[in-house]
Amino acid sequence: MKKTPLLASLLLCLTATVGAQSNGTVLLNAAGATFPYPIYSKWFDVYHTEHPNAQINYQSIGSGGGIRQLLAGTVDFGASDGPMTDEQLSQAKFKILHFPTVLGAVVPTYNVQGAAGDLNFTQKALAGIYMGQITKWNDPEIAKPNPGVKLPGDDIVVVHRSDGSGTSYIWTDFLSKASADWKSKVGMGTSVNWPVGLGGKGNEGVSGLVKQTPNSIGYIELIYAVQNNIPYGKVQNVSGKFVKADLAGVTSAAAAAVKEIPDDFRVSITNAPGAGSYPISSFTWLLIPAQIQDAAKRNAIKDFVKWMLTEGQNYNEGLSYARLPKPVLVKEMKAISLIQ
Amino acid sequence: MSAATTIEYRIPPQPRFRAFIHRLREGDEVAHVLTLVFAALILLLTSMLVYELWVNSRLSRTKFGWMFLWTRVWDPIFGNFGAAPFIYGTLVTAIVSLVIAVPLGLAGSIFLAELAPPKLSDSIAFLIDLLAAVPSVIYGLLGIFIVVPVMRTTLGPVLKSALGFLPLFQGRNYGVGFLTGGIVLAIMVVPFIISVSREVLLTVPSEQREAALALGSTRWESTWKVVIPWARTGIMGSIFLALARALGETMAVTMVIGNDPKISASLFAPGYTIAAVIANEFTEATGDLYLSALIELGLVLFLMTFILNGLARLLIVATERGGGHP
């Protein structure tokens, strides 16, 4: 008897989906990046309530998984925190378009006794710390931009992400630009061969390790830091200013980079010019096939992208994501017609 | 119908077929076939697993060959992959966990089976079975919030001052590392050892104990010299079960081991295990070679488990020959 309600509801679900499909509902499957998952699930949910005949099912299995599934043709579109490489695009049997959706930023967080306020980090300092070349907190490279802060002479404990992630991608992209040494010896990617440091799983793993370990430094997503009230430092941008990451600074970085944005939107906006630009930020992308045979699916995807670029952007700040700058939105609107 | 029956009685050939039909009616043959199929499924599953791992790791196997096993670099960007630090980390954490868990588990099960009043024994056994069912991420959280701080502030410094002359307890103590990983694993596998060993000890016939007592041995002597040797095979089995779990554990280990693919003599140093790196990097692995190397790691883990289990069986056979119970 206990099982009856469960069984009944299951049956109900079944008939509901079957019924819905016969009514012309379009069911889209997507998979990929975990970083934008909170906003994506909000979008897909709101979009579905406003357009009951379109339903998008998103699996946040990671950018690599999203790209693989898209290439294998098991999903209708993918999502990734890093743009696909030329090599990956050449492997694809069909043309793939990139559509930036929101902006994210990565911030340095630390646990140093005696450093209460925001620490200022030069690009050289961050690269040196992560290369293992700067090993003490009172190293002149860290101390100089922080006058008045009494930094301890203890060893720095470096913490990085252990799982492959878009956060690491943005961080290593930035470090590659900050240091030629990093670029040639370590490189950029969702996982790299870290010269030093402990690995923590996820933002929560990294911030947990940093919180617990005296004299440590790590990096986490801006939205994670904001939502959990985790203090983080300022980073020097290319204009020499120390910028504390916030949503405006991230959007301004994207706006500054927009002049050079290529038509396929595959662009890194770390170290963007502009006095107010925060240097460690990035787009995250939807990966959509240029040719979609099924007309219903094609129209649904096009319509969703249009909605995402207009009404959808209003949900960004509520979830601590930065808005796309206007010129990017305009350019993307034009690119929608490429989906055929 | 009756004619047919008479013919049947007269002609005895096809006895095997008839016997089969007869037993089929009785249900014996059905049970036989069904259970055979299920047993064969295990074999099929295992061989398919190996086949998949073997085929999908081809790229990495042809590129690195045997060097894969002792290369110490893991560099997804430049396409250099080696399993050595992960094999080392997996073995070290498993050994540490068994060193801690076996004495604890054995002592616990002996108390519960031999010395404790039955009511107490049953209720504690119930709780232990409950522990065995706790998801590993919970143990990982326990590790992060309790074991890691204790290791950094208390246990680590104590070990360092007492045993610091050993290379095992030298170097920087971050709180996360091989030892912490081993301790958390030990907490996870102790319930397995206690639960299975207790059951095995309870199956030892009471005549054995009575005979030993009648010969003038004390309670402890009868337990240690008669009951334990009698149950030895089963106890070993529980330990191998624990070992298998320790080798394959992913979530709890990755949360406390530090995830740094390095080989260090110190137990305080951060390390990495095979299961942990697969779980961490598989979802974001984009390159074909990268993916193939991760799958080869899976193959290595499978073979390690296979070899260790084989050695364990040999150990059982060897000790049985040495004497003891039938």
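I took two strands as paired if DSSP finds at least two bridges between them. Helices (H or I, at least four residues) and strands (E, at least two) are DSSP runs, numbered from the N terminus. The model is a predicted one: local features need pLDDT of at least 70, side-chain atom pairs count only at pLDDT 80 or more, and totals for chains, interfaces and linings use all residues. Residues are numbered from 1 along each chain as its sequence is written, and chains are lettered from A and ligands numbered from 1 in the order in which they are written.

**Entry 1: a sheet in chain A**

I looked up an open sheet of three strands in chain A, with the order β5-β9-β10 and mixed pairing. The edges are held by β5 (120-121) and β10 (242-243) of chain A; each has a single partner strand, so one side of each is left without a neighbour in the sheet. I then followed β5(A), which pairs with β9 (residues 234-236) of chain A in the parallel sense over two bridges. Within this pair, F121(A) stands opposite V235(A) in β9(A).

**Entry 2: chain B as a whole**

I recorded 15 helices and two strands for chain B. Its radius of gyration, taken over C-alpha atoms, is 26 Å, well over the 20 Å that the globule rule gives for 326 residues, so chain B is more spread out than a compact globule. The rule is 2.2 Å times the number of residues to the power 0.38. Along the principal axes, the C-alpha atoms of chain B fill a box of roughly 90 × 65 × 35 Å.

I call a residue buried if 20 or more other C-beta atoms lie within 10 Å of its own, exposed if 12 or fewer, and partly exposed in between, with C-beta atoms placed from the backbone. By this count, 37% of the 326 residues of chain B are buried.

**Entry 3: domains of chain B**

I noted domain 1 (2-56) and domain 2 (63-320) in chain B, with bounds from an automatic or database domain assignment. Their C-alpha centres lie 41 Å apart. Four residues of domain 1 are in contact (C-beta atoms, placed from the backbone, within 7 Å) with five residues of domain 2.

**Entry 4: the side of chain B that touches chain A**

I found 24 residues of chain B in contact with 27 residues of chain A. On the chain B side, β1 (74-75), α8 (136-163), α13 (251-256) and α14 (274-281) each supply at least two residues. The most comes from α8(B), with three residues.

**Entry 5: the largest nonpolar core**

I defined a nonpolar core as a set of buried Ala, Val, Leu, Ile, Met, Phe, Trp, Tyr and Cys residues joined through C-beta atoms within 7 Å. The largest has 167 residues, of which V189(B), I193(B) and V256(B) touch the most other members. Helix α9 (residues 178-202) of chain B gives the most to this core, with 16 residues. Among the residues that I193(B) touches, not counting those up to four places away in sequence, are A101(B), L106(B), I239(B) and A242(B).

**Entry 6: two positive phi values**

I checked F265(A), where phi is near 65°, a positive value in a residue other than glycine. F265(A) lies in the loop between α11 (247-257) and β11 (281-289) of chain A, and counts as partly exposed with 18 C-beta neighbours inside 10 Å. N259(B), also not a glycine, has a positive phi near 50°. N259(B) sits in the loop between α13 and α14 of chain B and is buried, with 30 other C-beta atoms within 10 Å.

Key
Two residues are in contact if their C-beta atoms, placed from the backbone, lie within 7 Å.
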